[in-house]
Amino acid sequence: MDDQLRLDASFVDYALVAAYFAVVLLIGVAARRRVSDSLDFFLSGRSLPAWVTGLAFISANLGAVEIVGMSANGAQYGMATMHYFWIGAVPAMLFLGVVMMPFYYGSKVRSVPEFMRRRFGTGAHLVNAISFAVAQILIAGINLYLLATIVEALLGWPLWISLIAAAAVVLSYITLGGLSAAIYNEVLQFFVIVAALLPLTLIGLHRVGGVGGLVDRVTESSGEEMLSSWPATELSGFENPVWSAIGIVFGLGFVLSFGYWTTNFVEVQRAMATNSMSAARSTPIIGAFPKMFIPFIVVIPGLIATVLVPEVIEAKASADADFDYNSSILLLIRDVLPNGLLGVALAGLLAAFMAGMAANISAFNTVFSYDLWQQYVKKDRPDGYYLAVGRWATVGATVAAIGTALIASGYTNLMDYLQTLFGFFNAPLFATFILGMFWKRMTPTAGWAGLVSGTSAAIVVFVMVETGVLDLPGQGGAFVAAGAAFVVDIVVSVVVSKVTAPKPVSELAGLVYSETPREVRTDPEAHTLPWYRSPVPLAGIALAMVIVLNVIFR
Amino acid sequence: MSKREKAGAFDVRNVIAELIGLYGVVLVVVGLLDDSAEAMAKTGGVNANLWAGIGMLVVAVAFALWSWLRPTVVQAPKADAGD
């Protein structure tokens, strides 16, 4: 982080941040004490409306990645970043709603490791639980690092002190019960973030002379390719435009994004909190509509930064490979937002990173205490014992996240890092998941063997890119690694299944598509809903809109 | 035995209305008091706090109206129900 990045916050700004956290903590405390039947009702989620879960669904993901990572990407690669939303998110969200959700909701599987244990037994369960726990710690590190950069920019403390201070704040947030009202917080956070980023974008555009002014100035300083989303050769690192498009559609659009959106249970659980199959299916589909338009207030500010913020202009002009693009949006906030709006922006950013990290830590906590410790280390202890283990796991994970935050701080563009992680963990998981769901012959041995070999393949590709054997600068290395992980996982799973014994068909009910009765997968009330509440027509509209967006901004 | 009641203060729409409304009021006040040259230079001559504040007030009122006109009626869980 640059030394000169200091946000000049005033009393008003701090008061607005404090107001946000006061509201969040009050809801948390109220939830813990269960002061109201209706609050209790909302949290246990027996009838959350689909618009609430839909917003929570995308808000659970609107953290560090979206705001800092995507604006950094926008500054570095320009409009090609739109692919992360229009190719890399919306189709997978629609697929989740239309194809996968009936199965999830009907089979009542509550976590990925749980599915793995029931479908493939302990081997795949152990592999998956360990890799999930590691991934959560690594991603928590990204959130912590970003949180610390804000503390650093506000108070001017060195990074390591900021990291420890931010970690302490997150720990107390978790302890004080900020997590008990997670869905509330996510919806609230969504509106605060929009309230900060929309003025940022509009004022930024005003400063550069409107959309026309932005187009002229970006063309002049960085060239026209910054403004077109296809074929994105800069982003993917492929010189050949055809391969670049294939890499984006297959690597990002299929393996990475389907892997992320369909197996990430932090997201999927939001949809499980609805009262009917149709509402569960609508959750990711309703989420897809705001998701399409979020890049306009995230990627465009990154683009504006390249013509408005002196540091970014200079880095672009001198092609500085070491420039930390992650600071683009903070620099733009510093230059554009007056005191007052600055406080709203700080509240939104702090909330997003803190909630993101808290979600990672609590997901780790659950998997560590119940899927790993209880299953493999100390069985059959009283509940209180595992709660104590969970508390220590929370502290341990927070300390470990300080370490992984230092890894994250070494990347000048966090999206490169994050896509690499997703290639390691999500791509093989998606392959095993989808094969295990639709192919009843797949055996328990194939379950863990596929996961291990898929992750290994991604690591081999990563090492080859790092050591220069494969020359893929942008995010193409991550796309290729994910593609390799997916293909290797499928091939190994099929080969191993041919030579090992499958589970008896009777044990696969509710776990494999062909063995799950139709009435478990469908909503008996579906035909009574109006079109705007039916998942499939809504998904059709969303798909048409995203195609139109791709055509307009090609 | 279960009773039906409105979600009231804990309806998420009311929470949104309260927080965004509070932000709107603060920003409008800041916008009216502080039109310093420094703030104007940042925004390129627009009173951003004032306009953003007005926008947030409109959103807050819309959410408050929505939850007032269409209150969420919940089937309150039984007193001894736990989960």
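Q: How many aromatic pairs does the structure hold over all chains?
A: This is a predicted model, in which local features need pLDDT of at least 70, side-chain atom pairs count only at pLDDT 80 or more, and totals for chains, interfaces and linings use all residues; side-chain values use heavy atoms, without hydrogens and water. Residues are numbered from 1 along each chain as its sequence is written, while chains are lettered from A and ligands numbered from 1 in the order in which they are written. Rings of Phe, Tyr and Trp (its six-membered ring) pair if their centres lie within 6.5 Å. Over all chains, the count of aromatic pairs is 16.

Q: What kind of aromatic pair do Phe258(A) and Phe430(A) form?
A: A ring pair is described by the distance of the centres and the angle of the planes. Planes under 30 degrees apart count as stacked, over 60 as edge-to-face and the rest as tilted. For Phe258(A) and Phe430(A), the centres are 6.1 Å apart and the planes stand at 55°. The pair is tilted.

Q: How many residues apart are Phe258(A) and Phe430(A), and in which helices?
A: Helices are DSSP runs of H or I with at least four residues, strands are runs of E with at least two, and both are numbered from the N terminus. Phe258(A) belongs to helix H13 (residues 241-263) of chain A, and Phe430(A) to helix H20 (residues 414-438) of chain A. The pair links distant parts of the chain, with a separation of 172 residues.

Q: How does H20(A) run relative to H22(A)?
A: Axes are lines fitted to C-alpha atoms, for helices over the stretch in contact, and angles run from 0 to 180 degrees between N-to-C directions. The axes of H20(A) and helix H22 (residues 476-499) of chain A come within 8 Å and cross at roughly 30°. Angles under 35 degrees count as roughly parallel, over 145 as roughly antiparallel, 65 to 115 as roughly perpendicular and the rest as oblique. H20(A) is therefore, relative to H22(A), roughly parallel.

Q: Which hand does the crossing of H20(A) and H22(A) have?
A: A crossing is left-handed if the near helix is turned anticlockwise from the far one by less than a right angle, and right-handed if clockwise. The crossing of H20(A) and H22(A) is right-handed.

Q: How many helices and strands are there in chain B, and in what pattern?
A: Chain B has 83 residues, of which 41% are buried. There are three helices and two strands. Read along the sequence, the pattern is β-α-α-α-β.

Q: How do H1(B) and H3(B) pack, and how many nonpolar residues are in their contact?
A: H1 (residues 12-33) and H3 (residues 48-69) of chain B pack at about 155°, axes 7 Å apart, which means they are roughly antiparallel. Their crossing is left-handed. Ala, Val, Leu, Ile, Met, Phe, Trp, Tyr, Cys and Pro count as nonpolar, Asp, Glu, Lys and Arg as charged, and the others, Gly among them, as polar. Besides seven polar residues and one charged, the contact has nonpolar residues numbering 18.

Q: Which charged residue sits over the ring of Trp66(B)?
A: Trp66(B) is part of a ring cluster with Trp51(A), Phe190(A), Phe191(A) and Phe63(B). A charge sits over a ring if NZ of Lys or CZ of Arg is within 6 Å of the ring centre and within 35 degrees of the ring normal. At 4.9 Å from the centre of the Trp66(B) ring is the charged end of Arg13(B).

Q: What is the phi of Asp380(A)?
A: Most residues other than glycine have a negative phi. Asp380(A) lies in the loop between H18 and helix H19 (383-409) of chain A, and is exposed because its relative accessibility is 74%. Asp380(A) is not a glycine, yet its phi is positive, at about 55°.

Q: How far apart are the C-alpha atoms of Leu48(A) and Ala280(A)?
A: Leu48(A) sits in the loop between helix H2 (37-44) and helix H3 (50-59) of chain A. Leu48(A) counts as buried because its relative accessibility is 4%. Leu48(A) and Ala280(A) are 232 residues apart in sequence, but their C-alpha separation is 9.9 Å.

Technical notes
Buried means under 20% relative accessible area, exposed over 50%, partly exposed in between (1.4 Å probe, protein chains only).
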